[in-house]
Every structure is written in structure tokens, then in C-alpha cells.
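Thanks for sending this one over. Here are a few points to read with the model open beside you.

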Amino acid sequence: MRSWLRQHRYALTITLRRLAAQPFSSLANLMVMALALALPLLGGAILVSAQPVARQVSVTPELTVFLQTSAPGGAAAAIAQRIRDDSAGQVQAVRVVPRDEALASLRNDPTWDQALAVLPGNPLPDAVVATLTEGEHLADRAGKLAQAWKQWEHVDQVQLDSAWVQRLEAILRFARVGLLFLAACVAAVVLAAVFNTVRMQAMLQREEIAVARLVGATESFVRRPFLYLGALSGALAALLAIAAAAIALAPLNSALLGLARSYGADFVLHLPGLPVLAAAVLGTSILGALAARWSVTRNTRF
Amino acid sequence: MIEFQHVFKSYGRGRNILADINFRVSPGEFIFVSGASGAGKSTLLKLIGGLEPASRGSIQVNGQRLDKLPARARPYLRRAVGVILQDTHLLFDRSALQNVMLPLAVTGQAPASAGARARAALDKVGLAGKEGMNPIELSGGEQQRLAIARAIVNRPAILIADEPTANLDHDTAQRILNVFRDFNRVGVTTLIASHDEALMAQYATRMLRLEPGKFFDSGAQA
């Protein structure tokens, strides 16, 4: 066991010595990998920051039926009951929002309070909010219900409230798939960079490998420093990428903050959590070691 | 210790470099392998060291049939056979001491004890005090002795050397051979390839002579 540990320590020492022997070349390789890795990291930052915004709003589609302002007093309750009776399987909840309640709710918002104060009466109609059941072809169903309800007496218009949230969800789903594709491309870049670095190192160390074999080195002994080189390059590149992404987020956030505030929102981009970043470093390190193993197996057959 | 039975060696479809070689070496023997350039001396030593496979026949080294030896076991055989090739294959990116420590690192020796053993090996070949020097700073004879130190540091049972005195003056060559003789006296079976008849004649010892199509074993004739 001690001998095994010593061989690993020897391999690590050799790896660090080889990296230090060509500092500019090593750094250039790391930078290429780090910049490639920073792209999906920044993409991930945008995704993890945007997801809570989407989650804050219910994605369950709601249809709001606005009644005509001239509709009689009990019309809203009658329409709510009709919705419950006619569309029992498609609607999970129905509630009436009386025009006075809607006005009171708007008056609580200082932005609207002053504007409403100059109006002679309540301009808002009664409304009925129907929450639809989840399921297949939701958008189609919602559209058909809206069309049908719009024909009813005293109904002015029907609005699908959650369409934009669904669109945002769809965009995020698309972004997630895109990010996976980008991550796969970056993995290929890391693989190629480590493969080439190890190939160059194997060529440089040709004499040392030959001598080591001559004096009884096993293939594991010969390959081990290269595996360390791959793993270490991957880990260092991932750490550099995290640092680069963190640095890039600062100016991005200051620019974004002004935009978000103009919409009355507080939106800040941040990197994924520590477990995700640790997994990224570990994953890149394993990928580097695998690329190194592939390369060293191919390039030390002499 | 070493046994060749009807061994043939050729490269590709070319002529046989070695043809029907038969001999046996007992532990502790000191043997010269002689012959003209191209006669197959280096090839014979490479076969013993397991550095190349025979085309036909059976080779046994240190109790192991080389043709039956799996690839993963070959490194362990090489640790029992110290090899000094014609080109010393020293590493010029490290010190003399670090060159000698390499075989010990391969076996997972602790750096402290490896350092002590490497120093002792350098001392035995007369290179004490030159541990920190780069091999390129050493003379040809010193480089040869450094290669010997590297070959013997793991205390091999067999030592094979291919033309270790080539390109060296007579006195230096003599000193190198005396180093081999010293190791042989403590029980290391030693085979040295050389074409220097005058030098070999000074040692009354067994000789394997290779000539095109012929093989003579002075031990077998005796």
C-alpha cells in the first residue's frame, strides 16, 4: 500500500514538474479549456437565475372572463356556476372577482391609486377566474373554452393569463437543451485539448518512457503521470473557468440591474451553487483523465 | 538461470540474425558474447532481457519461459535483469543521482532509502561526489559507469551489457570491465557483448561467439 502511494506521489511530482517545465504552453492550454468551459457556466448562470422568476408565477393556465360593465349584479356568480356545470372535467377551480374587490386591490398599489382617484366611478368590470386542469393539449383546450365562453351573454372578453409564463417556460426548456448541447461541444474541446497535450508530452518524454520500461516500469507506472496531467489540467481549467465566469458576471449584473429596475424587478445573475460547481470541476477532471488515458494508450506504443 | 533451446530470430521475412542457438548459463557466471558487427550480439542480449521476442525456440530466464510470459509480467522480469545498452539511454533532464533513482521509483521505494541506495550504487562504480552533476557533464566512461549504476541499483540477478566499452580508451574500458567483474564476484550473472578481442583475452572466461550462420560456446567445448 505504501509503495502504491509512493508511486502515485512520484507520478504527481513528475506531472507538476512537466507542467512547470513549460509554463507558457501549459497556461495557454489551460486558458483555451477555461474559456471554452466558461461559456456553459455563464449559460448555466443565466438559467439558474431565470428559473426562479418563472417559478414565482403559476404556470397553471387561468382563463379570466371579464363581464360587460353593464352586466347585472348576479351575472358573475351565474357565469361561475355555468362554468362549473358545463366544464367540470376541464376546470379545477372557479372564483368570482367582484368589480369592487378588483378596484380595492388596485387602490392598494400606489402607482394606480392616483390615476383611479381622478376617475368618476369604478371602471372595472366583474370578473370570473377559472383555473384549468393540467393535461394534454392544454393550450388548445384553453383556446376552445375561451372561444365558447366569449359567446355567452354579459361576457365582454376572455383572457388566457398564463400564456406568457408558458412561453417563458418553453424558452427556458429550449435554453436547457441548448446548454446541454453547448456542454457536449465544450466536453469535446476539453477532450481534444487534453488528448493533444498528452500526445505532445508523450513525444517529449519518449526517452524517459523507454528507459522506465527498460528498468522494469509497468504500463500503469508509465501512464500514471499522464493521467494526472489530464485530471489536473481539467480541474485547473474548470477552476479558471469559474473565476472567469464570476469576473464576467460583475459587469453583466451592473448592466442588467438598471434594466430590471426599470421593470420594477430585482434580477441578478449568479453562478450555480457550490455542489454544481464542485461537480463541474470533478466532471472536467475525470474527462481530462479519460482523454489522457486514451491519448497515452495510443501514443506510447513504441 | 538462462537457457536457449533452438532459438531463431529474424526481422520480418528477412534472413535469420540468430539461427538454432543453444546454450545454458549457470548462476554467477561471467560470459563474453563476441562476434563481428552485425553478428547478432545485441539481438542475443535483447532476447535475454525480454526486450524482443524470439521468432522460434524457447528461452528461459531466471526460471521464466519468456514465450509463455504474459505482457503484464515482463516488467517484473526486467527488474531481475539489469540492462546496459550500447547507447546508454541516460536522461539529460536530471542529475546523475536522479537517473540512478529511476529504477527504485519504478518499484515504489521510499525517496530517502532510494537516495541512499542510489548513492551507494554511484559509489560502487566510482562516481561518488558526482551525484548532482548532469550526465552531459560526465565523460564517456563516466556516462557508461552511470548506466551501470542504474542497472545494478535494483540488485538484479543478471546483468547484460551491450558493447559497454565501445568508443572508450583502453584504460577506461579496463576500469569498466573491472566494475562488471566486481559485481560478478558477489554473485551477479554477467553477460557482456564486445568485439574487442584483445580486451576479452585478458579475462579467462567463457565466451559465446557469433559468426554468420555459426555459434560457438567455449563453455560447451570445455
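1. In which order do the four strands of the open sheet in chain A run? The order is S2-S3-S1-S4, and the pairing is antiparallel. Strands S2 (91–97) and S4 (155–160) of chain A stand at the edges with a single partner strand each, so one side of each has no neighbour in the sheet. From one strand to the next, the twist averages 15 degrees. Please keep in mind that this is a predicted model.

2. Now for the pairing inside that sheet. Strand S1 (residues 62–67) of chain A joins strand S3 (residues 127–132) of chain A through five bridges, in the antiparallel sense. A:Leu63 has A:Ala130 of S3(A) opposite. Helix H6 (residues 138–150) of chain A packs on the sheet, where it touches S1, S3 and S4 of chain A; the direction of H6 makes about 170 degrees with that of S4(A).

3. Do look at the helix pair in chain A as well. H9 (residues 219–262) and H10 (residues 274–299) of chain A pack at about 145 degrees, their axes 7 Å apart, and the crossing is right-handed. Their contact comprises 17 nonpolar, six polar and two charged residues.

4. In chain B, helix H1 (residues 41–48) is mostly covered, with six of its eight residues buried. Among them are B:Lys41, B:Thr43 and B:Leu44. Just after H1(B), B:Gly50 has a positive phi of about 70 degrees.

5. Last, the interface: 14 residues of chain B contact 16 residues of chain A. On the chain B side, helices H2 (74–80) and H3 (96–106) of chain B are the elements giving two or more residues. That side has nine nonpolar, two polar and three charged residues.

Conventions
Residues are numbered from 1 along each chain as its sequence is written. Chains are lettered from A and ligands numbered from 1 in the order in which they are written. This is a predicted model: local features need pLDDT of at least 70, side-chain atom pairs count only at pLDDT 80 or more; totals for chains, interfaces and linings use all residues. Two residues are in contact if their C-beta atoms, placed from the backbone, lie within 7 Å. Ala, Val, Leu, Ile, Met, Phe, Trp, Tyr, Cys and Pro count as nonpolar, Asp, Glu, Lys and Arg as charged, and the others, Gly among them, as polar. Axes are lines fitted to C-alpha atoms, for helices over the stretch in contact, and angles run from 0 to 180 degrees between N-to-C directions. A crossing is left-handed if the near helix is turned anticlockwise from the far one by less than a right angle, and right-handed if clockwise. A residue is buried if 20 or more other C-beta atoms lie within 10 Å of its own, exposed if 12 or fewer, and partly exposed in between; C-beta atoms are placed from the backbone. Two strands pair if DSSP finds at least two bridges between them.
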